[in-house]
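Subject: Structure for your review

Dear colleague,

Please find the structure below, together with its sequence. I would be grateful if you read the notes that follow with the model open beside you.

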Amino acid sequence: MDETDCDRMQNAPTSAQQRLMSQLVKFGLVGGIGFVLDVGIFTALRLTVLSPEAMHEGPLVAKVVSTTVAILANWIGNRYWTFGPHRSSNTAREAVEFLVVSLLGMGIGLGCLWVSHYALGFTSVLADNISSNVIGLLLGSLFRFTLYRHWVYSPRRQKRRAGRLGVPDAGHDALAAPANG
């Protein structure tokens, strides 16, 4: 083995790094779908029935509605694809945890929108979209990915649970495809 081979082996990504990158890419793709839903619904509502002229709190209500739809889409994508191998057999608990993290993430976006729209007075549709769907989304996504990975879909939690029960936990529920073996 020459020096170049040694350098390549030392610089090769570990399986943990590869799993993280895979999760980040999948999270980004699922989030992209959620983003399109969120921005499209928010903008449509903000320009029509929930405009500030129609309702003073219209932009905030529009953001709650659009983010709720995006959360539902993200729940499906993240549960069955991004973190599929690590999902819990306790779907109800996992759903509650996912919802808590998602609502806290939505709070980050709403906070950015509120500061921009009401505290700073940037009230255009563009300003509302930048504050909620760029700044708020970026901060909220970092928050959500971290908590989904380390809390909601944590492989360590499943291993501890399986150890307590004395049974191996594959991390899949009855809807999961059977393992190929």
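The notes below concern aromatic rings and the charges placed over them.

This is a predicted model, in which local features need pLDDT of at least 70, side-chain atom pairs count only at pLDDT 80 or more, and totals for chains, interfaces and linings use all residues. Residues are numbered from 1 along each chain as its sequence is written, and side-chain values use heavy atoms, leaving out hydrogens and water.

The structure holds nine aromatic pairs. Rings of Phe, Tyr and Trp (its six-membered ring) pair if their centres lie within 6.5 Å; planes under 30 degrees apart count as stacked, over 60 as edge-to-face and the rest as tilted.

One of the pairs, Phe83 with Phe145, is tilted, with 6.1 Å between centres and 40 degrees between planes. Phe83 lies in the loop between helix 3 (58-82) and helix 4 (91-119), whereas Phe145 lies in helix 5 (residues 125-152), 62 residues apart. Helices are DSSP runs (H or I, at least four residues), numbered from the N terminus. Phe83 is buried at 1% relative accessibility; buried means under 20% relative accessible area (1.4 Å probe, protein chains only). Phe145 is also buried, at 10%.

Phe98 and Tyr148 are stacked, 4.5 Å centre to centre with 5 degrees between the planes. This pair joins helix 4 to helix 5 across 50 residues.

Finally, the charged end of Lys63 sits over the ring of Phe42, 5.6 Å from its centre. This term requires NZ of Lys or CZ of Arg within 6 Å of the ring centre and within 35 degrees of the ring normal.

A colleague

Technical notes:
Helices (H or I, at least four residues) and strands (E, at least two) are DSSP runs, numbered from the N terminus. Buried means under 20% relative accessible area, exposed over 50%, partly exposed in between (1.4 Å probe, protein chains only).
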